[in-house]
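Me: I want to learn how to read side-chain features in a model. Can you take me through them one at a time?

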Amino acid sequence: MAHRALRFLTAGSVDDGKSTLIGRLLYDSRAILADQLDALEKRAAGAPIDLSLLTDGLEAEREQGITIDVAYRYFATRQRKFIIADAPGHEQYTRNMVTAAAGSDAAIVLVDITKLDWRTRKPLHGHAAAQVELLPQTRRHSLLARLLRVPNIVFAINKLDAIDADAEAAFAAVREALLAFAGQADIEVAAVVPVSALRGDNVTLHSTVWTWYRGPTLLELLHRLPASDERHDGALLIPVQYVSRPGEQGTGHRPRTIWGRIAHGQVQAGDTVQVFPGGQTATVAEVRRAGAVVAGCEAGQSAGLVLDRQLDVSRGDWIASAAPNNAAPLVTTQRFAATLAWLDTEPAQIGRKYWVRHGHRWVQARITAIDSVRDVHTLADTNAHQLGVNEIGRVQIETQAPLPVEAYADNRIGGSMIVVDPTTNRTSGALLVA
């Protein structure tokens, strides 16, 4: 049975080798076009080709040697298809990493062994045994991946080829520190793999040098990891993205169709649905998918609903089951607790108004309280009156209009929002409903 396509991102600190790792996966899997390979070989002028250039496409990225924007690449093997997101490691671009993680099935967090003093162990908050000290961005990206409900987190300890003689001892020491941190942060680790993205050890092929490692290669692991699946049971929930109206170009005289990607549940003709925020109910007369009439659609699919009567529905509204079987009805609220990952240089302030987007709906909101902020070094929650850039905290939110929010742990779409500064229009934060 074929696996579903796996969406994964690479994360970690600056220069940990994320772009080179993806380049290695593409190169070894022969997923590079001939003209791309020719251009890289000419640029290298006889030296080993720079695999990171396969993802770092912006001119500023090539000039500075860092990743700024999220670069997406696609490749396939005989066993599976993959969608890769190369996320930037610099703290300044943490918001881009959050964007990449929000829809990923797995995260490969790279750890550069050359940046760690793996021979020295320090006391770790909450643990009796001393551990190797990890980089802050390694911890931050791991925490964000867990908060964003990335189901499979893999640690790849990179650049061990720089210390071949001590590779086994270094890997063991850093692996122990990573697992201790993960246990304290409640992160489920899928695997810890020793790799050399530059040389190719344990990326697609087993290392011929590190014979002490008998686990899977990174590619073997990616073949096995399950893709996340939306909840198919319970009530229907669809954020309305688009409404095609009769007479529009390309639609002919077909009935008005409400389009959106199903967040959870399923729908078929004859179901009774309710429109939020209007509250009107109607019966589904027809279900469409990719322009064709189908018997029904389920979570994760984009569906078009034709209702038995005309209702005032537009982008930003929500469609939900009016009488779900064995499921709680749609509940709306204006006040809720959430985890806030703050991404703006201007601190998050209590009482200030922001715009939030829930699904495709925009409403004004404000932070009524900041309960705590998480210290990425100690993982302790401390009191705070504001959240600075790249800080993560627990907050209380009040919106101008009621929203059908759900716990993010139950559903990514119903439980997530972005926060936008109304003055600068910058994306300032990511809200995850508690």
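Reply: Start with salt bridges. A salt bridge is a side-chain nitrogen of Lys or Arg within 4 Å of a carboxyl oxygen of Asp or Glu. Keep in mind that this is a predicted model.

Me: How many salt bridges does the structure hold?
Reply: Side chains of opposite charge can pair when their charged atoms come close. Here there are 15 salt bridges.

Me: Where do Asp28 and Arg24 sit relative to each other?
Reply: Both belong to helix H1 (residues 18-28). They are four residues apart, which means a separation of about one helical turn. Asp28 is partly exposed at 29% relative accessible area, while Arg24 is buried at 11%.

Me: Which parts of the chain do Arg121 and Glu176 tie together?
Reply: The two side chains form a salt bridge, 3.0 Å from N to O. Arg121 is in the loop between strands E4 (106-112) and E5 (122-123), and Glu176 is in helix H6, so the pair ties together parts 55 residues apart in sequence. Arg121 is partly exposed at 39% relative accessibility. Glu176 is partly exposed too, at 35%.

Me: Are Asp317 and Arg361 buried or exposed?
Reply: Both are buried. They meet in a salt bridge of 3.8 Å, N to O. The pair links distant parts of the chain, 44 residues apart: Asp317 is in the loop between strands E17 (302-307) and E18 (318-321), Arg361 in strand E22 (residues 361-374). Elsewhere, shared partners join Asp164, Arg199 and Asp201 into one salt-bridge network.

Me: Now aromatics. What kind of pair do Phe171 and Tyr213 form?
Reply: Look at the angle between the ring planes: over 60 degrees counts as edge-to-face. The structure holds six aromatic pairs. Phe171 and Tyr213 form an edge-to-face pair, with 75° between the planes and 6.3 Å centre to centre. Phe171 is in helix H6 (residues 167-184) and Tyr213 in the loop between strand E8 (189-194) and helix H7 (218-224), 42 residues apart. Phe171 is buried at 7% relative accessibility, and Tyr213 at 14%. Together with Trp210 and Trp212, they form one aromatic cluster.

Me: Why is helix H5 called largely enclosed?
Reply: Count its buried residues; the cut-off is under 20% relative accessible area. In H5, 10 of the 12 residues are buried, so the rest of the structure largely encloses this helix. Among them are Arg139, Arg140 and His141. Just after H5, Arg149 takes a positive phi of about 65°.

Definitions and conventions: Residues numbered from 1 in each chain as written. Predicted model: local features only at pLDDT ≥ 70, side-chain atom pairs only at ≥ 80, totals over all residues. Heavy atoms only, no water. Phe/Tyr/Trp six-rings, centres within 6.5 Å; stacked < 30°, edge-to-face > 60°. Helix = DSSP H or I, 4+ residues; strand = E, 2+ residues; numbered from the N terminus. Buried < 20%, exposed > 50% of the residue type's maximum accessible area, 1.4 Å probe, protein only.
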